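I opened the file today to look up a few things and keep notes on them. The entries follow in the order in which I made them.

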Amino acid sequence: MTRLSHRIKTLTDGGSDGWDIYRKSRAMKDRGMPVIELTIGEHDRKTDPAILKTMHDSATGGHTGYSTIPGTDGLRDAVAMRIAKMTGVATERHNVVITAGGQAALLAAHMIACDPGDAALYIDPYYATYPGTIRATGAKAVAVTARAERGFQPSQLDLQEACEARSLLINSPNNPTGAVYSQTKLQEIAKFIRERDMWLISDEVYDTQVWNGEHVSPRALPGMEARTLVAGSLSKSHAMTGSRIGWLVGPEEAITHAINLATHTTYGLPGFLQDAGEFALQQGSALEDVIAAPFRRRHKAVNAIFSRENLNVVPSVATMYVMVDIRGTGMTGTEFAEALLDEHLVAVMPGESFGKAAAGHVRVALTVDDATLEQAAMVIAEFYRNRSGSSQTAEMPV
Ligand code: PMP
């Protein structure tokens, strides 16, 4: 084999991609072991049968050829309408390009914002693919640490101390921490972006998973529409992870370039999937509420169990995840997750998979039925207690 490019070899920075525990638990399951898997952010329900029927009818009806590259008019309009309704910002077809999931939208956003060698900021803790996505564009991935003590939200000082960069990637509601940025926090961030004349890349794939309060999109803040690129998708909101339907929303000129990128990468998404996506969006918030309901319920139940069991949980009002601070055991998140899986067949994600700031934490995905989840939460609590050497009633370290 001849030489591989530096860019491809350094995509994951030479280290793990963060998914080792997930792969290990899947392999154990494949060997027939009864693992309770609380790792990947995937619903325990499948895509709605009515959406699948639309997909099937569209495919058998002949929508199997090359589709329009920016996305079908119907799907782009449906996305534009949803965003306009949720955020109050006028959004039209020309502001939307359909991408292969939110993941491809994040790649496109960084291609739009950064040249090779430019710094692109992202907040640590972060969704595991962020630095690799940035590196794939040739930009330099630079973390801004959001500390546990500050609710995993970046302070003004954290931002001010960041190096000169072309973009900042934020994710509210946040995976893995469940943090939701307030209007004030987003205003602070928007001011920073305007002052430095940067792009704000806002990952809003969890916009339907806010359990208290409302989702605020920074694109709706004054002066931000022209410098914000929003990545979204049907994966979490409509239980359609495998359909890979996402979008990037932004100023028309930027989206025109994203369409150009699509021509030279994916050449568009399958038409029958887009028709199914359009149908899914036509169901409005009623369907989104049905998909979100189990996570709302389980978030409350698991928080209640952990608080009763004196576990130190990261306070959160959003998402299909709960983060637990396990520093009281003296173990790393990775050691904790490995031992929990080996000894008790419960798989959770180590905080370290999501960056340095989340070290000493584990992320529990609320992705199994309520009874199994509550049983797993008790196992986690007992494991924590045993490993921290404290009795059931002892105060947990902060
Ligand atoms: N952003 C975040 C924060 C995520 O958690 C995920 C998936 N887990 C994605 C983006 C990508 O999702 P998709 O490509 O399925 O839309």
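**Ligand shell**

I began with the shell around the ligand and looked up which element gives the most to it: helix α5 (residues 101-113), with 3 residues. I note here that the model is a predicted one.

Next I listed the residues around the ligand. There are 14 of them, and Gly102, Asp203, Tyr206, Ser233 and Ser235 come nearest. I sorted the shell by residue class and got 4 nonpolar, 7 polar and 3 charged residues.

For Ser233 I read 2.7 Å between a side-chain N or O atom and an oxygen of the ligand. The corresponding distance for the side chain of Ser235 is 2.6 Å.

**Cysteines**

How many disulfides does the count come to? I got 0.

I wanted the reason for Cys114 and Cys163, so I checked sulfur distances. The cysteine sulfur closest to that of Cys114 belongs to Cys163 and is 11 Å away; a disulfide needs the two sulfur atoms within 2.5 Å, so this pair is too far apart for a bond. I repeated the search from Cys163, and the closest cysteine sulfur is that of Cys114, again at 11 Å and too far for a bond.

Cys114 is buried, at 5% relative accessibility. Cys163 has a relative accessible area of 33% and is partly exposed.

**Ile305**

My last entry is on one residue of helix α11 (residues 284-308), namely Ile305.

I then asked which residues Ile305 is in contact with, leaving aside its neighbours within four places in sequence. I found Glu374, Ala377 and Met378.

I also took the distance from Ile305 to Leu168. C-alpha to C-alpha, the two are 36 Å apart in space, and 137 residues separate them in sequence.

Key: Residues numbered from 1 in each chain as written. Predicted model: local features only at pLDDT ≥ 70, side-chain atom pairs only at ≥ 80, totals over all residues. Heavy atoms only, no water. Helix = DSSP H or I, 4+ residues; strand = E, 2+ residues; numbered from the N terminus. Contact = heavy atoms within 4.5 Å. Buried < 20%, exposed > 50% of the residue type's maximum accessible area, 1.4 Å probe, protein only. Near = heavy atom within 4 Å. Polar contact = N/O pair within 3.5 Å; in protein donor to acceptor, adjacent residues only side chain to side chain. Nonpolar A, V, L, I, M, F, W, Y, C, P; charged D, E, K, R; others polar.
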